[in-house]
Amino acid sequence: MITIRKGHDRGHTDAGWLRSHATFSFGAYHDPNFMGFRVLRVLNEDQIAPGKGFGPHSHRDMEILTYMVDGQLAHRDSLTGPHVLGRNEVQVMTAGDGIVHSEFNASETEPSHSLQIWIEPRAEDLTPSYQQIAFAPEDKRGRLHLLAGPESPDATRTAIINQDARVYVTEVDQHDRVTHALPEGRHAWIQVVRGAIDVNGASLQQGDGAAISDERTLVVSGDGEVLLFDLP
Amino acid sequence: MAQPAVVVVFSSRCGITERIAHAAAVGVVNARALPRLRRLADDGSTVPPECAATLRRMHKEYVQPTERDIAGAPALIIVPTAGMTPLSAEWQSFITLLDSLASAGTLAGKVAAVIDVGNSQTVASFSSALTARGFALVAADGSDARAHGRTVGAAVMSTVEQPSR
């Protein structure tokens, strides 16, 4: 079963310096029908004006991933930093029992465009941590690249998250068909980062998402970039 | 259940006191309360050249505390730069803000703490100023800013009404 969440139906915020689309309820946007999917709690697409950003604020008990679509984000937190996150990089922050961080567009001239993802952790009061992983653009072309998961086959290419969830990215063109097996009891969320794709025959555009249950194989084709969440 | 807020007010020019304020804020989060970090405006004095970039960043990242911040939070944590007192230029307008709230009775029942940044006279002077304005002081429970922040967070969480069955 595939349930599409159209991009234009998401919660929209325009604060001038920030334009944000929330797939699930977040901040002032609240819809009891969209409180998350499985352990995926937040999926925000943020466009931040040059030099602007979120001042220091706190988080607790959440696995927070940031995936850059365009531009750069400067990150500082109570553990480490500063760090600059760019394209073909993912950042994973375990908020654990408490963390304070800030994130700003690192450029004074170009906007930044990113996806922020919150995944519920397997337990409360974990030890906070920060990871930043870079990968080669070709790693995601025509195949799934594992950005984050509960274990890392290669710590230089995959971040570890404290949940039995896996986050993949792939970029397909008209010649590609990328498949992913979903064992029984597993679910998936697909989020289109750019372009237009088909997943098991369902057509999705940039900004669209899809909740997927009771399907054993996912086939992604089309021309675009997607994040695939394999969820318990 | 709404998370009670703890306003963490600090002065910092080179980022050292900022890090201590962050540690106190993490302690507040540890206790499941919500820290709101606020940096005081500069007093206009020059800073060492090596601090210029940090100062520019802090100007961008923080806002100053407002009456609404303090009035809306059950707790206040102060993180002054070592050697400062409530009469120091950076703190005077904030103390005036507290005076205004105290005269309106807005501070009654609120708790506060002064984080020790390594200068006992600084802690003593700010503690006296807060007590005089009606705050109940929360003493340090542990040797560092994070532990102190956690104690303040726990104090405000204990006042939150627990849902009954």
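**Entry 1: Glu45(A)**

I began with a side-chain pair: Glu45(A) and Arg10(A) make a polar contact through their side chains, at 2.9 Å. I noted that the model is predicted. I then looked up where Glu45(A) sits, and found it in strand β4 of chain A, residues 40-48. Is Glu45(A) buried or exposed? Its relative accessible area is 7%, and the cut-off for buried is under 20%, so I wrote down Glu45(A) as buried. I listed its contacts beyond four places in sequence; among them are Arg19(A), His21(A), His113(A), Leu115(A) and Gln206(A). Arg10(A) is in that list too.

**Entry 2: Glu90(B)**

Next I turned to chain B, where Glu90(B) belongs to helix α4, residues 89-103. I found Glu90(B) buried, at a relative accessible area of 3%. Which side chain does that of Glu90(B) join in a polar contact of 3.1 Å? I found that of Arg13(B). I also checked Leu40(B): it lies 50 residues from Glu90(B) in sequence, but their C-alpha atoms are 6.5 Å apart. Leu40(B) is one of the contacts of Glu90(B) beyond four places in sequence, which also include Ser11(B), Asp42(B) and Met84(B).

**Entry 3: helix α2 of chain B**

Last, I looked up the buried residues of α2(B), which spans residues 52-61, and noted Thr54(B), Leu55(B), Arg57(B), Met58(B) and Glu61(B). Looking down the axis of α2(B), I found that these residues fall within an arc of 160°, so they line one face of the helix. What do they pack against? In chain A I noted β5 (53-59), β7 (73-77) and β10 (99-105), and in chain B α1 (16-30) and β2 (34-39).

Key
Residues numbered from 1 in each chain as written. Chains lettered and ligands numbered in written order. Predicted model: local features only at pLDDT ≥ 70, side-chain atom pairs only at ≥ 80, totals over all residues. Heavy atoms only, no water. Buried < 20%, exposed > 50% of the residue type's maximum accessible area, 1.4 Å probe, protein only. Helix = DSSP H or I, 4+ residues; strand = E, 2+ residues; numbered from the N terminus. Arc of directions from axis to C-beta. Contact = heavy atoms within 4.5 Å. Polar contact = N/O pair within 3.5 Å; in protein donor to acceptor, adjacent residues only side chain to side chain.
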